[in-house]
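Have a look at the picture, then work through the points in order.

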Protein chains: 2
Amino acid sequence: MRRDTRLSGVLHVLLHMAEMDGPVTSETMAIIMRSNPATMRRTMAGLRKAGFVKSDKGHGGGWSIERPLSEVTLRDIYTWLDSPELFAMGNRTDAPGCLVEEAVNAALGSAYDEARTVLLDRFATVTLAQLSDDFHRRMGAHAEAVDQEITHDI
Amino acid sequence: MRRDTRLSGVLHVLLHMAEMDGPVTSETMAIIMRSNPATMRRTMAGLRKAGFVKSDKGHGGGWSIERPLSEVTLRDIYTWLDSPELFAMGNRTDAPGCLVEEAVNAALGSAYDEARTVLLDRFATVTLAQLSDDFHRRMGAHAEAVDQEITHDI
DNA sequence: AATTACGTATCATATAAAGGTACATGAGAC
DNA sequence: GTCTCATGTACCTTTATATGATACGTAATT
């Protein structure tokens with residue numbers, strides 16, 4: 001099954017947007033994500049509907065973040081993407097009247113529900129600002145590593 | 001993405017097998033599951049490799065359960081199916097050198113890991129015997145409901 | 001008026017689960 | 001020994017769906 005990469009992709013884009021000045025066009029996003037403008041527009045549509053980003057047409061137009069990164073969690077983004085299916089495994093439903101199937105699906109279903117709750121609760125604890133901080137921390141560490149390499153070379 | 005229904009399907013088959021006497025052929029399984037023999041053989045192959053079921057060729061052949069249902073958990077079955085991917089969402093990897101992507105994937109990855117652990121731990125607490133018990137409980141409840149309906153009709 | 005950029009419909013492509021067919025191999029029945 | 005049954009597995013087709021790609025209408029800026 002092909003995996004849904006919209007959450008990963010849109011987070012990537014948002015963090016890049018946060019580093020850039022002014023609106024970012026779908027075209028630029030597509031280049032960053034090695035995707036295409038139409039796909040970016042589709043993916044961003046839900047975030048706009050939620051008021052987290054806006055899009056402007058015409059010269060100087062593009063996408064802009066409207067709210068502080070510290071106020072938005074991964075769970076918000078997930079919800080705004082229309083809550084994509086989380087699990088790659090599903091229940092057969094070919095025998096809806098079968099009591100065996102009912103028992104199996106009840107057991108699997110409650111396990112999935114529990115895992116879903118854990119995952120979404122975890123998503124709710126991570127803000128975009130935290131992700132951005134982590135990115136900058138990595139930038140710092142990377143710069144140091146590069147410095148050390150240079151030092152070693154000398 | 002198309003969901004993987006092997007776990008749900010194989011549990012369904014195993015519980016039916018437990019209710020039947022003697023070996024069950026792939027053909028019979030396929031009828032129960034509205035599938036086909038080749039698919040059943042493929043799915044059961046991992047369980048045979050683990051020694052949980054055996055398959056015999058020739059007259060009177062078919063599949064038989066080799067170990068008590070109380071000794072096998074959902075997690076065992078999941079593992080014997082070669083641990084199929086659990087999540088429908090994945091990370092983009094188009095920009096492996098990008099620190100933003102690293103930060104995003106680290107955050108999502110640890111959330112998925114946590115949810116995976118919860119799900120598999122939960123699977124480990126449920127034995128096939130428990131599932132079978134639940135099925136029989138449903139049978140009883142269903143029989144009572146039918147009795148009541150009949151009483152009402154009279 | 002021309003250009004830029006989004007909004008969205010439509011079609012194409014890629015991927016993986018599952019469906020299906022075929023045939024070789026091995027085991028019991030006669 | 002031969003026939004029939006049933007598995008083991010290779011191979012191809014079908015189906016579902018995320019994503020890629022194109023096109024064109026609409027709105028905003030120059």
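1. Let's start where the two chains meet. Between chain B and chain A there are 23 residue pairs in polar contact, both partners at pLDDT 80 or more. A polar contact here is a pair of N or O atoms within 3.5 Å; within protein, one must be able to donate a hydrogen and the other to accept it, and residues adjacent in sequence count only if both atoms are side-chain atoms. On chain B, the elements giving two or more residues to the side that touches chain A are helix 1 (6–19), helix 4 (74–80), helix 5 (99–124) and helix 6 (128–153). Helix 5 of chain B gives the most to that side, with 19 residues. Helices (H or I, at least four residues) are DSSP runs, numbered from the N terminus.

2. Before going further, some ground rules. This is a predicted model, in which local features need pLDDT of at least 70 and side-chain atom pairs count only at pLDDT 80 or more, while totals for chains, interfaces and linings use all residues. Residues are numbered from 1 along each chain as its sequence is written, chains are lettered from A and ligands numbered from 1 in the order in which they are written, and side-chain values use heavy atoms, with hydrogens and water left out.

3. How do the two copies relate?

4. Now the area of contact. Together, chain B and chain A bury about 5100 Å², and 68% of that is on carbon and sulfur atoms. Buried area means the accessible area (1.4 Å probe) that two parts lose on being put together, summed over both. In chain B, M89(B), R92(B) and L99(B) lose the most area to chain A, together 14% of what that side buries. The contact (heavy atoms within 4.5 Å) takes 54 residues from chain B and 54 residues from chain A. Of the interface residues of chain B, 100% are also interface residues in chain A, so the copies meet through the same surface.

5. Which charged pairs cross over? There are six salt bridges between chain B and chain A, a salt bridge being a side-chain nitrogen of Lys or Arg within 4 Å of a carboxyl oxygen of Asp or Glu. E114(A) pairs with R122(B), and their closest N and O atoms are 2.1 Å apart. E85(A) and R3(B) form another salt bridge, at 3.4 Å from N to O. That pair runs from the loop between helix 4 and helix 5 of chain A to the segment before helix 1 of chain B. E85(A) is partly exposed at 35% relative accessibility, and R3(B) is partly exposed with a relative accessible area of 35%. On this scale, buried means under 20% relative accessible area, exposed over 50%, and partly exposed in between (1.4 Å probe, protein chains only).

6. Look at helix 6 too. R138(A) in helix 6 of chain A reaches E102(B) in helix 5 of chain B, making a salt bridge of 3.5 Å, N to O. E102(A), D134(B), R137(B) and R138(B) are linked in a network of salt bridges. In chain A, D134(A) also lies in helix 6 and counts as buried, at 15% relative accessibility. A polar contact of 2.5 Å joins its side chain to that of R137(A).

7. What about salt bridges over all chains? The structure holds 16 of them. D121(A) and R75(A) form a salt bridge, with the closest N and O atoms 3.9 Å apart. This one links distant parts of the chain, from helix 5 to helix 4 of chain A, 46 residues apart. D121(A) is partly exposed at 42%, and R75(A) is partly exposed at 31%.

8. Last, the inside. The largest nonpolar core has 90 residues, and I77(A) and I77(B) have the most contacts inside it. Such a core is a set of buried Ala, Val, Leu, Ile, Met, Phe, Trp, Tyr and Cys residues joined through side-chain atoms within 4.5 Å. Not counting residues up to four places away in sequence, I77(A) touches residues including L7(A), L47(A), F52(A) and L128(A).
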